[in-house]
Amino acid sequence: MAKVRFDAVRKVYPNGYVGVAGASFEVADGELLVLVGPSGCGKSTLLRMVAGLEAISSGTLTIGDRVVNDVAPKDRDIAMVFQSYALYPHMSVAENLAFGLKLRGQDKADIAARVAEAARVLELDKVLDRKPGQLSGGQRQRVALGRALVRQPQVFLLDEPLSNLDAKLRAGMRVEIARLHRALGTTMIYVTHDQIEAMTLGQRIVVLKDGQIQQIDTPMALYEKPANLFVATFLGSPAMNVLRGHLQHGEAGWGLALGDGTVLALGAAGLPEAWAGREVDLGIRPEHLVPAEAADAGLAPVVEVVEAVGSEVFVNLRLGDRPLIARLPPDRVPVPGETLPLAVPAGRVHAFDTETGTRLVP
């Protein structure tokens, strides 16, 4: 096991495109850290630089106590799991697991012991004689994980390993990977564009956009105190509602005056009085738009589409020309076309600067 440290690491391509702009952070020894962001944000580039598959333009990358900028991939003591599994179709599961160790000239008895242990941990014991084409998607992914596991590397790198699986298998494999990490205590860096994977797997998450780090923190800290509007809207499903307007403060508490004259009543929002009159982008999570009596409602949008998914109901609404979405319990299913009185609990709003998108902290 080993820590991984990025010190002002940059990746600039020959055409001038900046893939990663000055990344500086540390992955602790034994930590499962997730790199997340939209396509093209630089997350896979960071991972490939750790693997040695992408040259570093400037800065320093350290694995353990060794600077690895110029170290060949085979000498970095890392193992990588790819999106495509990259299994050899003509080899059995056991042969796939053992192949990398054979190339390194490992002792046969040691290879057999490592393969047996990986098969036990990943519950592949009964399919060791099968070829990849005879396996399910989840089993093939476990073989890919097992091939990395037998290496006993200092660092595991996982590049969108679940993106080829259906929703049910993805959920199951998330549990497998979390269980594997707890059992091994190995340093893992996991890349995904799926914010659900990031939130459920990562002990910490690095959120990236356009090659730049937006925020690094635990999943719940990112969710509850996003550093900027991008992080706020990227993490969370459904996404955060955002309304632009001017804050008002009076005897009845806070309100947000929208451009069409509508005022969203916020009650005791816990904002500094000096913010009165300030234009902000106000963020409200869907679960913080709660049903209310008409007299207590902060807003009364019209229901457009209702999505009942069993354990909860997603209600797509319209407030004037602005779309909103509320997340309601299954015992409250409104009817399209009706007006739905909603309130915002005190302290459940997020204010962002309209020019920079930066979170405004009271």
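1. For the classes used here, Ala, Val, Leu, Ile, Met, Phe, Trp, Tyr, Cys and Pro count as nonpolar, Asp, Glu, Lys and Arg as charged, and the others, Gly among them, as polar. On that basis, the lining of the second largest pocket divides into 9 nonpolar, 4 polar and 6 charged residues. The model is a predicted one.

2. The second largest pocket has a volume of about 310 Å³. It is lined by 19 residues, and Glu224, Gly347, Val349, His350 and Arg359 are the closest to its centre. Helix H7 (219–224) and strand E20 (350–353) are the elements that give two or more residues to this lining.

3. The largest pocket has a volume of about 490 Å³. Of its 20 lining residues, Ala79, Met80, Phe82, Arg104 and Arg151 lie nearest the centre. Two or more residues each come from strand E6 (78–81), helix H2 (93–103) and helix H4 (137–149). E6 gives the largest share, 4 residues. By class, this lining holds 15 nonpolar, 1 polar and 4 charged residues.

4. Helix H4 deserves a separate comment. Because 12 of its 13 residues are buried, H4 is largely enclosed by the rest of the structure. Among the buried residues are Arg142 and Arg147, together with Val143, Leu145 and Leu149. The cover over the buried residues of H4 includes E6, H2, helix H3 (108–121), strand E7 (155–159) and helix H5 (167–184).

5. The length of H4 agrees with expectation: at 1.5 Å a residue its 13 residues should span 18 Å, and its end C-alpha atoms are 18 Å apart.

Conventions
Residues numbered from 1 in each chain as written. Predicted model: local features only at pLDDT ≥ 70, side-chain atom pairs only at ≥ 80, totals over all residues. Heavy atoms only, no water. 1 Å grid on protein atoms, 1.4 Å probe; cavity = no way out; pocket = protein on both sides within 12 Å on 5 of 7 lines; lining within 4 Å. Points joined across faces, edges and corners; volume = space filled by probe spheres on them. Expected span 1.5 Å × (residues − 1). Buried < 20%, exposed > 50% of the residue type's maximum accessible area, 1.4 Å probe, protein only. Contact = heavy atoms within 4.5 Å.
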